Amino acid sequence: MTLPARWRPWLAGIVAALCTALIGGLAARHDLKRSEQAMRTQAMADAADRAGAVQTAINRALSSTYALGAMVRESKGAISDFDAYASQLIRYYPGVASLQLAPGGTVNRIYPLKGNEKALGHNLLQDPARTKEAFIARDTGKMTLAGPFKLVQGGIGAVGRLPIYLPRQAGGKPEFWGFSIAMLRFPEVLDDAGLAWLRQRGYQYALWRTHPDTHAEQVIAASPGLDARPPDAASYRIVTPNGAWMLDVTPTAGWINHDILLRDTASVLLLSLLMGWLARQMVLLRQQRALLAQQVAQRSLALEQETSERQAAEQAVQAELKRQAALMQTATDGIHILDDQGRLVELSPSFAAMLDYTPAEMKSMPMSAWEASLSPLQQKAMLDECMRFGKRYETRHRRRGGGLIDVEINARGFDIDGQRYLFAASRDITERKQAEQWLRIAAAAFESQEGIVVTDTNACIQRVNGAFSRITGFAEDEVIGRRINLLQSGKHDRAFYQRMWQAIHQNGFWRGEIWNRRKDGEVYLEWLSISAVRGDDGQVSHYVGTMSDITQRKAAEEQIRHLAFYDPLTQLPNRRLLLDRLLRAQAASARRMEYGALLFIDLDNFKTLNDTLGHDKGDQLLCMVATRLTLCVRESDTVARLGGDEFVVMLEGLNEELDLALQETRAIASQVLTELSLPYRLDDKERHSTCSIGSVMFWGHNNSVEELLKRADMAMYEAKSAGRHTVRFFDPAMQEAVTARVELEQHLRNAPRNDELALYYQPQVDKQGRFTGAEALLRWQRPGYGLTGPDEFIGLAEESGLIFPIGDWVMDQACRQLAAWQLDPLTAALDLSVNVSSRQFRQHGFVEAVLERLRQTGAPPERLKLELTESLLLHDIDDVAAKMRLLKTHGLRFSLDDFGTGYASLSYLRNLPFDEIKIDRTFVQDSGQQHHAILKAIIVLAESLQLQVVAEGVETPEQFEQLQLQRCQRFQGYLFARPMPVGDLHSLLARQD
């Protein structure tokens with residue numbers, strides 16, 4: 001059944017609209033899926049962030065059991081004042097409802113006791129409901145967490161139990177003492193976790209666990225109105241002692257983005273209607289064109305019938321005229337007739353076209369106008385000779401523009417009515433002449449430096465040149481008539497030759513690199529070009545091959561390429577090749593929708609090993625590291641060396657899910673840490689080395705390659721800061737910290753020249769409160785930030801080397817101030833303490849610089865006291881001791897700052913010329929009996945070594961009184977005065993006087 005013509009446009013429009021709607025619907029569905037995937041990735045990141053906060057809150061609350069355990073071990077199990085200690089301790093743990101001790105498993109101390117009396121005397125090792133966790137804690141020596149469960153006094157709680165072991169007096173395995181217990185109350189313990197932030201982000205959440213006995217899902221905390229796990233949620237696992245909790249999050253509005261759905265639906269509908277309308281219009285246009293063509297055909301037929309008789313008559317007349325002019329008009333040669341004077345009488349159009357004239361322009365033109373090879377006399381002689389005898393000869397004609405063409409002329413004379421004429425035919429032989437020239441050139445080229453071989457269509461050799469024999473070793477007579485495959489090396493399979501001949505048959509040529517075999521059996525690489533030669537019939541008659549031996553050139557190119565892209569020591573890809581591969585990996589990541597990762601690896605303390613064992617041993621170690629790294633990764637991954645002891649591992653084809661890709665990356669990084677920490681055999685001795693790893697993930701071209709390397713480098717330095725031999729993943733906060741650090745360093749670099757630094761002075765007093773000296777404390781008046789203490793910039797100054805100019809400025813200002821004090825009786829007896837950085841003290845020429853400052857300013861050396869920290873004593877102690885003794889000979893004194901917080905041993909105090917030690921403020925401000933004992937021991941030790949003692953951080957009269965009872969001699973702190981400008985210090989001294 002044929003559809004009526006009027007309905008066809010409507011049918012086409014409907015079909016086009018439906019097809020467009022189907023394709024658009026599929027595209028919209030893909031867009032929604034991608035939007036949902038992005039929402040799930042963000043939800044997992046937010047869940048991970050809050051899960052970390054929950055884990056931190058639980059661990060912080062459980063850490064109270066460690067503090068109780070430390071108290072028990074310190075007192076060797078004899079607890080004298082549990083309530084006082086617990087009341088102080090529980091204030092630092094808001095989520096802890098009560099603290100308990102259970103010697104031998106029986107609870108005998110609880111704080112607070114009110115509301116918990118029933119727990120006294122409860123034996124955890126005999127309670128069926130708690131035996132499991134108690135025995136696990138006792139046998140493993142690890143913390144266990146029971147619950148959450150409903151509390152009798154209301155709410156939900158959990159119990160953390162930490163087993164306590166005390167050392168035996170006779171040695172041997174420690175003895176189980178009992179448990180320290182913390183009762184956690186929910187939701188108070190989770191207040192700092194900020195789970196409400198998830199609601200602000202538009203999520204429903206549920207913190208839950210699987211009950212270890214009933215295997216039922218137990219909700220610990222959830223969004224308001226939510227009593228169970230949210231459906232279709234993103235889950236993040238939180239590891240707790242002897243168990244795990246799960247944090248589920250799901251958007252309140254669901255995973256479908258309704259804005260995108262509405263937008264895509266409207267777009268698809270609009271596009272479908274538009275395509276349907278266009279299809280209908282196109283069908284209508286085609287129908288109109290068909291109708292117009294039909295009308296034109298009918299009119300043309302009528303006109304043909306009207307003119308048929310007239311055309312027949314005209315054709316008869318034209319046929320006779322054409323027959324008369326056929327010879328002249330159809331001649332291919334340039335036919336021309338000359339009179340006996342050499343003037344042109346008649347010519348064919350082909351002759352005029354040959355010389356780039358029109359026939360009318362050449363009427364009566366003399367022979368000399370186009371003859372280029374003969375002089376006028378020679379032209380006259382040639383004309384007479386051709387008139388009499390006829391002649392065929394070659395010459396050259398001059399065209400209109402002056403160009404010359406080679407011609408062959410066939411001329412003879414004849415008579416008409418007694419008049420002598422010359423009939424001549426000129427044939428253009430320029431192309432023939434050029435072909436002859438090219439043949440001569442080809443003959444010379446055939447014996448060029450490139451080998452040439454000619455075969456028939458059956459690949460049988462017909463001719464070779466001398467270069468072919470030099471390259472292959474075969475003489476010409478040894479290969480003529482043999483097939484060309486006698487040169488095959490066997491390194492290419494049948495498919496290679498099939499592709500080669502297929503290209504020749506399709507394109508007429510093939511060129512490329514190929515491995516062939518010489519007569520002596522040597523395999524060599526050559527550049528081969530094969531061209532098909534076709535005859536006049538268009539069929540292939542021969543094949544011509546040109547070849548050149550490129551073995552040495554390719555070897556040189558490969559060596560150059562290897563030097564350009566590979567590290568010469570380890571043979572690993574260098575930075576240039578890594579960047580190229582990283583660009584391709586980004587493109588592959590975007591195409592395959594997979595994650596990739598960079599591991600930036602730096603060997604720990606490599607410089608020390610290189611300096612002590614020598615650079616040759618350092619190179620051996622780097623080669624071993626390269627080998628181990630290669631074995632740790634897959635063949636598809638890249639291991640590169642950037643230089644020095646820095647390596648980069650690029651991982652490709654990781655999971656499309658970020659959390660799974662992170663797990664894969666972390667597993668490989670852990671394997672690298674393990675492998676590189678194994679012993680290395682150097683000089684028949686085992687050497688040890690570790691590494692620090694920074695990692696960054698990438699997806700497509702979301703960042704440049706240089707940015708990825710910079711981020712991995714930041715993460716690596718974060719691993720270094722975390723203690724080395726670890727892995728750190730890049731966090732955007734690192735970028736912010738680096739930016740802030742760079743800005744801080746730039747401002748600090750300009751601080752001395754901008755006169756932004758200042759010295760503040762904090763007085764030191766004796767037992768009667770009289771001023772005995774002061775400590776010079778550095779302050780920075782940072783623009784836009786106000787007065788800044790040294791804690792915020794001294795660390796950066798030491799790392800960046802700015803500590804040297806800053807330290808010189810401090811020493812200069814202190815010496816000038818000390819000299820000025822000598823002129824005032826009020827300050828002449830004061831000592832001045834100056835803090836010296838360990839890097840500044842180790843600097844070459846430090847002693848000479850200090851003595852020169854004293855000489856220039858006139859400051860008394862015996863009034864200057866240099867404060868050193870315990871970190872200075874960890875390296876090159878002999879050099880430190882020599883510098884101290886040299887300065888002591890000139891009257892300077894030394895103080896050991898922050899004593900008790902570092903690593904100073906008694907041998908340092910005994911062997912180094914210290915004059916005093918400064919007790920750190922942590923021992924002064926802590927009121928615990930343990931710190932009082934340590935404080936007393938420090939003072940007794942200083943008295944035995946005849947050292948003066950200064951207590952820092954004295955802020956209350958009670959602390960001052962306690963220190964006096966311990967026989968402390970000097971004091972410093974806010975109780976007496978805060979750090980102040982020198983003018984305020986003078987005013988304070990005047991008031992005291």
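This is a predicted model: local features need pLDDT of at least 70, side-chain atom pairs count only at pLDDT 80 or more; totals for chains, interfaces and linings use all residues.

## Aromatic residues

Tyr165, Phe176 and Phe179 are linked into a cluster by ring pairs.

Two arginines are placed over aromatic rings. Arginine 40 lies over the face of tryptophan 255, at 4.2 Å from the ring centre. Arginine 782 lies over the face of tyrosine 785, and here the distance from the ring centre is 3.7 Å.

In general, the strands of a sheet pair through backbone hydrogen bonds, either parallel or antiparallel.

Strand 21 pairs with strand 22 (residues 646-651) in the antiparallel sense, over 5 bridges. Threonine 638 stands opposite methionine 650 of strand 22.

## Strand 3 and its partner

Strand 3 (residues 144-150) is mostly covered, with 5 of its 7 residues buried. Strand 3 is joined to strand 4 (residues 156-166) by 5 bridges, and the two run antiparallel. Within this pair, alanine 146 stands opposite valine 159 in strand 4.

Strand 3 also holds proline 148. The peptide bond that leads from glycine 147 to proline 148 is cis, with omega near 5 degrees.

## Nonpolar cores

The largest nonpolar core has 73 residues. Those with the most contacts inside this core are Phe841, Leu864, Leu866, Phe914 and Ile917. Helix 20 (residues 803-821) gives the most to the core, with 10 residues. Another core, of 48 residues, lies apart from it; among its members are Phe82, Val96, Leu195 and Ile238.

What does isoleucine 917 touch, not counting residues up to four places away in sequence? The residues touched by isoleucine 917 on that basis are Leu896, Phe899, Leu909, Ile938, Ala942, Leu947, Gln948, Val949 and Val950.

## Backbone exceptions

Most residues other than glycine have a negative phi, and most peptide bonds are trans. Proline 112 is found in the loop between strand 2 (109-111) and helix 3 (131-140).

Two aspartates have a positive phi. For aspartate 356, phi is near 70 degrees, a positive value in a residue other than glycine. This aspartate 356 lies in the loop between helix 6 (349-354) and helix 7 (376-389). Aspartate 356 counts as partly exposed because its relative accessibility is 41%.

Aspartate 755 has a positive phi of about 60 degrees, although it is not a glycine. Its place is the loop between helix 18 (732-750) and strand 27 (757-765). Is aspartate 755 buried or exposed? With a relative accessibility of 63%, aspartate 755 counts as exposed, because the cut-off for that class is over 50%.

Definitions and conventions:
Residues are numbered from 1 along each chain as its sequence is written. Side-chain values use heavy atoms; hydrogens and water are left out. Rings of Phe, Tyr and Trp (its six-membered ring) pair if their centres lie within 6.5 Å; planes under 30 degrees apart count as stacked, over 60 as edge-to-face and the rest as tilted. A charge sits over a ring if NZ of Lys or CZ of Arg is within 6 Å of the ring centre and within 35 degrees of the ring normal. Two strands pair if DSSP finds at least two bridges between them. Helices (H or I, at least four residues) and strands (E, at least two) are DSSP runs, numbered from the N terminus. Buried means under 20% relative accessible area, exposed over 50%, partly exposed in between (1.4 Å probe, protein chains only). A nonpolar core is a set of buried Ala, Val, Leu, Ile, Met, Phe, Trp, Tyr and Cys residues joined through side-chain atoms within 4.5 Å. Contact means heavy atoms within 4.5 Å.
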